[in-house]
Amino acid sequence: MAATLVDLTHQVTTAMPVYPGDPAVLLEPALTTATAGVNVLALHLGSQSGTHVDAPYHVDVTWPTLDGLPLERFTGPAVVADLRGLEPRTAVTPELLAPALERCGEGSVLLLATGWARHWGTDAYLAHPSLTPAAAEAIVAAGVRTVGVDALSVDPTPDPGPDDRAVAALLADLTDEHDGPDPAVEESTLAAHRVLLGAEGGGVIAENLTDLRALLEAQEAGRPVEVSLFPLRLVAADGAPVRAVARLG
């Protein structure tokens, strides 16, 4: 059977979904054939826009930046964990990952197939499953240094709350008075990020991958799966957009 290439990358478009608080994405003509004889786009986007990778520097300024990581971190044989069918905001435990981790070895890229790519562009995309710190530790213990997910983050994404600032402020006051610490603040500690990215030698996380069903089907059929997640070569960066591609043998 001939090898098949599968694009795992969301299109980069103006006003595309981004993590709450990240820079908005804008693509607009900088030059046109009508005025300059060539077409050139001007791009405004964040390092975490669209399908991207995180470097250790993303969560700790003392850890390696993107350009300090070896190219081997961005490619390798993939093992796909089938996590489809989970409820929103499910905590993914080591037990749920055990079948996939048994197949992992040094140099493996672990891909988490939650099925959440189907919610891209909707509010439901923020309510994705996420790794517990114990699950992240189990991944590192299995020798994995590169993890990808078809969702916004490997950690819980806080609910952005009401658009109305007055309502949001009132709810915050009520929480302070009656409910103790805000769960959204507790969720924003990026515990799984810190475990995965802080692994010996530096880890990499790829987020916002597209539908991983074709990879699961290939894996179930015994076909080898390889993945490439090469980022833009940004200097001293916390991460960068990638063109994520899988090769199915």
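Since the model is predicted, local features need pLDDT of at least 70, side-chain atom pairs count only at pLDDT 80 or more, and totals for chains, interfaces and linings use all residues. Residues are numbered from 1 along each chain as its sequence is written, and side-chain values use heavy atoms, with hydrogens and water left out.

The protein has seven helices and 13 strands; these are DSSP runs numbered from the N terminus, with helices being H or I of at least four residues and strands being E of at least two. Of its 249 residues, 41% count as buried, meaning under 20% relative accessible area with a 1.4 Å probe and protein chains only (exposed is over 50%, partly exposed in between). As for contacts (heavy atoms within 4.5 Å), residues 24 or more positions apart make up 75% of those with a separation of 6 or more.

Helix 2 (residues 94-101) is a handy place to start. Leu97, Ala100 and Leu101 are its buried residues. They sit on the same side of helix 2, because they cover an arc of only 90 degrees around the axis, the arc being that of the directions from the helix axis to the C-beta atoms. The cover over these residues includes strand 5 (75-82), strand 6 (91-92), strand 7 (109-113), strand 8 (130-131) and helix 3 (133-141).

Helix 3 has a buried set too, made up of Ala135, Ala136, Ile139 and Val140. Looking down the axis of helix 3, these fall within an arc of 140 degrees, so they line one face of the helix. Their packing partners are strand 6, helix 2, strand 7, strand 8, strand 9 and helix 6. Val140 of helix 3 counts as buried because its relative accessibility is 19%. Leaving out residues up to four places away in sequence, Val140 touches Arg145, Val195, Leu196 and Ala199. Its C-alpha atom is separated by 9.9 Å from that of Leu101, 39 residues apart along the chain. Just after helix 3, Gly143 takes a positive phi of about 90 degrees.

Next come the cores, each a set of buried Ala, Val, Leu, Ile, Met, Phe, Trp, Tyr and Cys residues joined through side-chain atoms within 4.5 Å. The largest nonpolar core holds 30 residues, and Leu97, Leu110, Leu112, Leu131, Ile139 and Leu196 touch the most other members. Strand 5, helix 2, strand 7, helix 3, strand 9 (146-149) and helix 6 (191-197) each give two or more residues to this core, and helix 3 gives the most, with four. Leu196 has contacts with Leu131, Ala136, Ile139, Val140, Val147, Val154, Gly203 and Ile205, again not counting residues up to four places away in sequence. A second, separate core has 28 residues, among them Leu66, Val204, Ala206 and Leu215.

Grid points are joined across faces, edges and corners, and a volume is the space filled by probe spheres set on the points.

One cavity of 30 Å³ or more turns up by this rule, and the space in the largest cavity is about 50 Å³. Its lining is Leu83, Val92, Leu112, Thr114, Pro129, Ser130, Leu131, Val149, Ser153 and Val154. That splits into seven nonpolar, three polar and no charged residues, with Ala, Val, Leu, Ile, Met, Phe, Trp, Tyr, Cys and Pro taken as nonpolar, Asp, Glu, Lys and Arg as charged, and the others, Gly among them, as polar. Ser130 belongs to strand 8 and counts as buried because its relative accessibility is 8%. Beyond residues up to four places away in sequence, Ser130 touches Thr90, Ala91, Val92, Val154, Asp155 and Pro156.

The largest pocket contains about 320 Å³ of space. Of its 15 lining residues, Pro20, Thr122, Asp123, Leu126 and Pro160 are the closest to the centre, and the lining divides into nine nonpolar, three polar and three charged residues. In the second largest pocket the space is about 220 Å³.

Conventions: On a 1 Å grid over the protein atoms alone, a cavity is a set of points where a 1.4 Å probe fits but cannot get out, and a pocket is an open set with protein on both sides within 12 Å along at least five of seven lines; lining residues have an atom within 4 Å of a point.
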